[in-house]
Amino acid sequence: MKAAVFYQTNVPVSIEELEIEAPREGEVLLDIVGAGVCHSDYHFVDGHIKREVTPWVMGHEGAGVVVETGPGVTNLTPGDKVILSLDAMCGYCRTCSQGSPALCETHPDLPVSRMQKNGQPFYHVRPTFVEQSIALADACVKVPRETPLEKACLISCAVITGIGAVVNRAKVETGATMAVFGCGGVGLNAIQGGVLASAGKIIAVDKVPYKLELAEQFGATHLVNADKEDPVQRIKEITGGGADYAFEVVGFPVLVRQAIDSVRPTGTAVVVGVQPTGEDIYVDGWDLLHDRALIGGWHGAATARVDFLWLLDLYNQGKIKLDELISRYRPLDELNEAFDDMNQGRVARSVIVFD
Ligand SMILES: [Zn+2]
Ligand SMILES: [Zn+2]
């Protein structure tokens, strides 16, 4: 079974053959069909997030077909198509019961090892840059047979994280103004979340002209190139004093600060980007005192079993863009090249596909 493995920062990911176990209690074995290439994966490689446990089998955004079910799995059978949720959800803990299964308390998603090579354990949660994966059944959302998994895999992370941050977490009201800092895979989905929410103005901020073009295609009403103009000042001009909502979708404290600075009193800044390990965010206390809020949005505050099917419906009705998110399909052997494309801003999303 071929898999992408991370050993240490600033070293290219290695593609190698691993052995995979049969699924244990509550687990399923999957054939992965499509896996989106997300910045969060590269964050280990460039050291933005520290990954202590290695070797680490990579990938988190994906979809596949159930091959075998472990003991105790009753909701899935071989042949079922599933989109992996980023978070396993038990359905009965406090956060699941309150409607926040993305923060399920029963499944902390600690690293496990169901993959080995020459007796050496390889660690993972539920990797997707693999021909086959092991996942908790509680992390699998069964989807209709006709679902194109090589596209729908993006719902697993990019689509739900972006749209969910706007619709589920911030609950942007009709007519509100919003800004999105960072127009990668998640940011573009925050923009189309703004379209779904009928936001009055959707301001896209990025430094890469190609991403700003994509942002316009996804529904941004105003484009701000942060290399050429001060985004905070421009957002204040466009909105007449500050946006109602600003989403930070890159993952840097300095941009969180800009997001806060660009919302009006009573406005809300939302942290969506994965922040560097161990770094603090500084805000001016008076900004908060003036009825501003700074909130986080974990994986689009998703109820995956409901929201994934909702997003598939919207896609089938032409109300959200999925095809336009995928700039390129690549085989697993080209994962490092796909990371390069992402880092150079040449793609919206690459998808790794398996024969
Ligand atoms: Zn992701
Ligand atoms: Zn739970």
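These legends cover the whole chain and then several close-up views of a predicted model. Residues are numbered from 1 along each chain as its sequence is written, and chains are lettered from A and ligands numbered from 1 in the order in which they are written. Local features need pLDDT of at least 70, and side-chain atom pairs count only at pLDDT 80 or more, while totals for chains, interfaces and linings use all residues.

View 1. Helices (H or I, at least four residues) and strands (E, at least two) are DSSP runs, numbered from the N terminus.

**View 2. Six strands form an open sheet with parallel pairing.** The order is S14-S13-S12-S15-S16-S17. Strands pair if DSSP finds at least two bridges between them. S14 (222-225) and S17 (293-296) are the edge strands, each pairing on one side only. From one strand to the next, the twist averages 20 degrees. Axes are lines fitted to C-alpha atoms, for helices over the stretch in contact, and angles run from 0 to 180 degrees between N-to-C directions.

**View 3. Strands S12 and S13 run parallel.** Five bridges join S12 (residues 177-181) to S13 (residues 201-206). Val180 stands opposite Ala204 in S13.

**View 4. Helix H4 lies across strands S15 and S16.** H4 spans residues 158-170, S15 243-248 and S16 263-271. The helix runs at about 125 degrees to S16. Contact means C-beta atoms, placed from the backbone, within 7 Å.

Terms used
Two residues are in contact if their C-beta atoms, placed from the backbone, lie within 7 Å.
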